[in-house]
Amino acid sequence: MAEPLLTIGVFARRSRLSIKALRLYKRLGLLLPAEIDPQTGYRRYRESQLFTARLIVGLRRLDMPLSEVVRVISVAGEVGASVLTSYWEWVERRLAAQRELAEELRQSLLWGESRFATFDIRERDQPEQIVVSETCAVDIAALTATTADMTEQLTRSAAAHGGASGERFVIYHGEVNEDSIGPIEICIPVTTESTATRREPAHRQAYVSVTKAQFGWPQILSAYDAVERWIDQHGRRRIGSPREMYRADFDPASAAPTDEACDVIFPIA
């Protein structure tokens, strides 16, 4: 017996998705109609697709970005469940960090800027570097997974260029937060130049070392704010995008809260 086909109106009502959302998910390839009438363009869906549609509804109620929803739906089963678990663990870490930030901001409102976390801001000269790099646009939810995947690829590329000659760093060419999908560039310094590398110019840096306890998002934003305040107070000028340079021996799973994780850096003049 053939499976019943539902009109888009009926499917929207039963799945609790709007027709506008169904059109968007069709464009994304997330939820395709089972049949499109070539004459009228009317779309119909199989009744069995209601499971996928309701799964999408639930994931969106978790505020999961569409990029992550696509990952969950495309693999389903145990792999999809693992993606969901990783996402929710990230949400819980973010909420814990936001509670700490809310308390810090509350204290600052009561007592002024002096109650903000204090950081030891320093300066140094960074010589010119040859780097292998990769640039992509990413949202905050996918930042960790994306940088891990791209770092793995770049590590292989670095091996073909004499190996890494310095610590990996990520340049934030745009804002990456809940509202912005900014371009980031992951860089690994190497010893050998080729058409696949570029030169990172020499420059002076204002920077602060961040511990594991300060490393999570959004806590790390306090370090960015501190460096920017220092630059303004000391008459310096920003000349490039901010970046994070990661300790090669930093392991988030085993590191103590006081272990240094990375440097938050602003190129200055």
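This is a predicted model: local features need pLDDT of at least 70, side-chain atom pairs count only at pLDDT 80 or more; totals for chains, interfaces and linings use all residues.
Trainee: Okay, is Arg 247 buried or exposed?

Mentor: Arg 247 is buried, because its relative accessible area is 15%. Glu 260, on the other hand, comes out as partly exposed at 40%.

Trainee: With which residue does Arg 247 form a salt bridge?

Mentor: The general idea is that side chains of opposite charge can pair when their charged atoms come close. The rule here asks for a side-chain nitrogen of Lys or Arg within 4 Å of a carboxyl oxygen of Asp or Glu. Arg 247 pairs that way with Glu 260, and their closest N and O atoms are 2.7 Å apart. Arg 247 sits in the loop between strand 10 and strand 11 (260-268), and Glu 260 is in strand 11, so the pair ties together parts that are 13 residues apart in sequence. By the way, strands (E, at least two residues) are DSSP runs, numbered from the N terminus.

Trainee: How many salt bridges does the count come to?

Mentor: The count is 18. One of them joins Arg 243 and Glu 200, with the closest N and O atoms 2.6 Å apart. Since Arg 243 lies in strand 10 (residues 243-246) and Glu 200 in strand 8 (residues 198-200), this pair ties together parts 43 residues apart in sequence. Both Arg 243 and Glu 200 are buried. Asp 232 and Arg 238 form a salt bridge too, at 3.1 Å between the closest N and O atoms, and Arg 238 is partly exposed at 33% relative accessibility.

Trainee: Which residues are linked in a network of salt bridges?

Mentor: Those are Glu 123, Asp 125, Arg 204 and Arg 236.

Trainee: How many disulfides does a search of the whole structure find?

Mentor: A disulfide is a covalent bond between the sulfur atoms of two cysteines. The test is a pair of cysteine sulfur atoms within 2.5 Å, and the search finds zero of them. The sulfur of Cys 136 is 12 Å from its closest cysteine sulfur, in Cys 187, which is too far for a bond. For Cys 262 the closest cysteine sulfur is again in Cys 187, this time 15 Å away and too far for a bond. Cys 136 is buried at 18% relative accessibility, and Cys 262 is buried at 0%.

Trainee: What volume does the largest cavity have?

Mentor: On a 1 Å grid over the protein atoms alone, a cavity is a set of points where a 1.4 Å probe fits but cannot get out; its lining residues have an atom within 4 Å of a point. Volume means the space filled by probe spheres set on the points, which are joined across faces, edges and corners. The largest cavity has a volume of about 60 Å³, and the count is one cavity of 30 Å³ or more. Its lining includes Gln 126, Phe 169, Glu 200, His 203 and Arg 243. Strand 9 (203-211) and strand 10 each supply at least two residues of that lining.

Notes:
Residues are numbered from 1 along each chain as its sequence is written. Side-chain values use heavy atoms; hydrogens and water are left out. Helices (H or I, at least four residues) and strands (E, at least two) are DSSP runs, numbered from the N terminus. Buried means under 20% relative accessible area, exposed over 50%, partly exposed in between (1.4 Å probe, protein chains only). On a 1 Å grid over the protein atoms alone, a cavity is a set of points where a 1.4 Å probe fits but cannot get out, and a pocket is an open set with protein on both sides within 12 Å along at least five of seven lines; lining residues have an atom within 4 Å of a point.
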